[in-house]
Amino acid sequence: MGRKLLLDKAHIENIRLYDVYRQHGGYKSVEKALKTMSPDQVTDEVKKSGLRGRGGAGFPTGMKWSFLAKPEGVPRYLVVNADESEPGTFKDRYLMEFIPHLLIEGMITSSYALGAKRSYIYIRGEYAWIVAILEQAIQEAKNNGWLGKNILGTGYDLEIYVQRGAGAYICGEETALLESLEGKRGNPRIKPPFPAVKGLWDCPTVVNNVETIAAVVPIINDGGEEYAKIGIGKSTGTKLISACGNIKKPGVYEIDMMISVEEFLYSDEYCGGIANGKKLKACIPGGSSVPILPANLLLKTAKGETRMMTYESLADGGFATGSMMGSGGFIVLDDSQCVVKHTYTLARFYRHESCGQCSPCREGTGWMEKILLKIENGKGSKSDIDLLWDIQRKIEGNTICPLGDAAAWPVAAAIRHFRDEFEWHIDFPAECLVKNYGLGHYADPLPVIAAV
Amino acid sequence: MNFSENALKEVQRIIAFYPEGKQKSALIPVLHLAQQEFGGWLSADTMDYVAGLLKLDPIEVYEVATFYSMFNLKPVGKHMFEVCQTGPCMLNGSDDIVKYIYDKLGIKPGETTADGLFTLKTVECLGACGYAPMMQLGEHYREHLTKEKVDALVEECRNR
C-alpha cells in the first residue's frame, strides 16, 4: 500500500467540513508557515521537495515561485488553475469536492510565500456545484481566522475568491486563464512576458494547478526533504492519477511514484485490470494530449525495462516509444476499441477547443478531424494517412500556446504505433464499418533490442 | 429588462471579488447569472443589459458570450441534456446514449422537442471520465448513464 499525502483523510466522514478537517490536523501548515517561517523559507521547502507542477507540464514549482517579480508597491497574485478539462483528467474535481479545505489551506500557505493578498481559484464553469463547496470552505476558514485581516495576529492579510469559467479547454493554459479571469475571451498571450512578471492585470502572478497547491500542505508539515524521499529521481512525492476507459475500477488514485505501470493497471488496489474479461490494447497514460502507447510499450520500455509510473519512465524512449505523465489522466483501451475512432473523438475535441488565434491550429485541427472521420467511415485513401502526418507536423511548434502540440501529438502517436489499423480501414472499407480491427500485434512482447 | 433584487445583490458580491476598476472580470460570472435569470439563453438585449450593468461596451460582452460554450445564443429547452462524447466517454458507450435519447425524444444534437421541454446537446469532455457515460443536466452531472437511467431522467424532468 503506497503512501498517501493528499487523500489520506479523504475517507473520513464530513472531512469536507471545517471542524472535522481541523480535528484531523488541518491548517497546521498555515500555523507553521505564518508563525515560524519567512516567505522565502516556505519557497525553499517547496524547492527542496522537488514538487513538479501537477497540471501537465511538470515544471518545478519552487523554481516557478522564485521567478515571481517583486516590485515595490505592486500587488502579486496566486491563481489556482481548477480549469480541469484535459480528457481523462478528473482528479482536481475529486480533491475540491471531497477535501476542499486542503486546497484552501495550501493556498494560504502558498499565498504567504508569494506575498499575495488576494488569490483566486479559476474553476471550469461546468463544475458549478463545486463553487458552492469551495465558497463554503472559504467562509468557514474566514470565520475561524485563517483568512481576512491580520491572520493569526501575524499582520498577514489574505482573501480568496472563486471565479467560474464558462466552457473552454483553452483556459487551462495559464495566460488564457488570466485573460478569462480579466473578463475576456480565452486567447493565450504571447510569452514573454511570463505571468511571473506580467500576469493578472499586468501584475506578477503565479498560476498553479489545484493538486500542486494541495501538495504544499504535506511539504510544509513534514518538510521538503521528507517529501523528496518519496518517489524515484526527479519524480518526487505522490501523484493523483485519474484512471478511466475500459478498466474494472475507474477512479482517482493517489500513488507514490514508485510503482510500475503494470501494478497500477492490474492490481486490485488501483485499476483492477481490464474490464469484461478483455485484453489491453493501448493506453494514454497522461491525459488525451500525450502519445498513446500500444500494450507492448506501455508495460515495458523499448529497452525492455519495467515502465514505472514516474515522469521519467513514462517519457522513456521519447515520443518514438514513450509518452508522458502529463496530467495523470490514464485512459485505457481494450481490444474491442478502434484507435481510429478514438483518435477522431480527440481530434474533434481539439478542433472544438482551439481558440482560433493561430492558423495552423485553427485550420489544422479541423482538417485532422475531417480526415480522421473520413478514414473511420471507410472513405479514406492511403494518401490521407500521409496528409494527416503532414498536418500534425505543421501544427506542432507553430502556435502561440501548447494546444497546437496537444492536438498534434495524439494523431502522430496513433499513426506511429497503429498505422496498420489506419491502413486496414482503407483496405477494407466495408468491413471497418461493421467490426473493429482488434488487437493486431500490439500486445505482442517487444522484440529483443540488439545490443549496440 | 432587469435583474431581480437578489441577482443584483449577487452582482455586487461578485464585483467585490476584484480590485477597484477591474469589474470587467465580473463579466463571465454575471453572464452565467443573466442566462439563469432570462430563460436559459443570452439574447442581444440581455447582453446589452449586462454591458450597461458592468459599464462595458456591448462588443466586449458579445465577444465573450460567443467564445464560451456554456453560453447559449439561441433559446433552449427547459431541460438540456448535455451528453459528453469525447474519448473516454466514447469508450464507454456515449454514442449509444445519444442514439437512445434521439430514439426516445426524437431530437438530434442541437435540437429541442416541440413542447420546449428538452434540448439535446453533445459536448466535449466535462471531467467525469471515470464515471462515463455521463451528461450535464442543469448544474449537476448525471453519471454512469444507462438506458434505464435516461428513462428515469426524462420522467424526473417531466415531473419537475
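This is a predicted model: local features need pLDDT of at least 70, side-chain atom pairs count only at pLDDT 80 or more; totals for chains, interfaces and linings use all residues.
**View 1. Where chain A meets chain B.**
Here 46 residues of chain A are in contact with 34 residues of chain B. On the chain A side, several elements each bring at least two residues to the meeting: the helices α7 (128-143), α8 (174-181) and α15 (339-353), together with the strands β4 (156-164), β8 (238-245), β9 (251-256) and β12 (329-334). The biggest contributor is α15(A), whose six residues form the largest share of the side of chain A that touches chain B. Sort that side by class and you get 20 polar, 17 nonpolar and nine charged residues.

**View 2. Two helices crossing in chain A.**
Zoom in on helix α6 (residues 100-114) and helix α9 (residues 210-222) of chain A, whose axes come within 8 Å and cross at roughly 75°. Angles from 65 to 115 degrees count as roughly perpendicular, so that is the label for α6(A) and α9(A). From α6(A), the contact uses A:Leu102, A:Leu103, A:Glu105, A:Gly106, A:Met107, A:Thr109 and A:Ser110. From α9(A) come A:Val210, A:Ile213, A:Ala214, A:Val216, A:Val217 and A:Ile220. By class, this contact of α6(A) with α9(A) has nine nonpolar, three polar and one charged residues.

**View 3. The domains of chain A.**
Chain A is split into domain 1 (18-229), domain 2 (232-334) and domain 3 (339-434). Between domain 1 and domain 3 of chain A, the C-alpha centres lie 36 Å apart. The contact between this pair takes nine residues from domain 1 of chain A and nine residues from domain 3 of chain A.

**View 4. Two cis peptide bonds.**
In chain A, the bond from A:Pro192 to A:Pro193 is cis, with omega near 5°. You'll find A:Pro193 in the loop between α8 and β5 (205-209) of chain A. Over in chain B, B:Ala132 and B:Pro133 are joined by a cis peptide bond too, with omega about -10°. B:Pro133 sits in the loop between β2 (118-123) and β3 (135-137) of chain B.

**View 5. Two asparagines with positive phi.**
Most residues other than glycine have a negative phi. A:Asn14 has a positive phi of about 60°, and this residue lies in the segment before α1 (18-23) of chain A. Is A:Asn14 buried or exposed? A:Asn14 has 10 other C-beta atoms within 10 Å, and a residue with 12 or fewer counts as exposed, so A:Asn14 is exposed. A:Asn150, in strand β3 (residues 148-151) of chain A, has a positive phi near 50°. A:Asn150 counts as exposed because it has 10 C-beta neighbours inside 10 Å.

Terms used. Residues are numbered from 1 along each chain as its sequence is written. Chains are lettered from A and ligands numbered from 1 in the order in which they are written. Two residues are in contact if their C-beta atoms, placed from the backbone, lie within 7 Å. Helices (H or I, at least four residues) and strands (E, at least two) are DSSP runs, numbered from the N terminus. Ala, Val, Leu, Ile, Met, Phe, Trp, Tyr, Cys and Pro count as nonpolar, Asp, Glu, Lys and Arg as charged, and the others, Gly among them, as polar. Axes are lines fitted to C-alpha atoms, for helices over the stretch in contact, and angles run from 0 to 180 degrees between N-to-C directions. Angles under 35 degrees count as roughly parallel, over 145 as roughly antiparallel, 65 to 115 as roughly perpendicular and the rest as oblique. Domain bounds come from an automatic or database domain assignment. A residue is buried if 20 or more other C-beta atoms lie within 10 Å of its own, exposed if 12 or fewer, and partly exposed in between; C-beta atoms are placed from the backbone.
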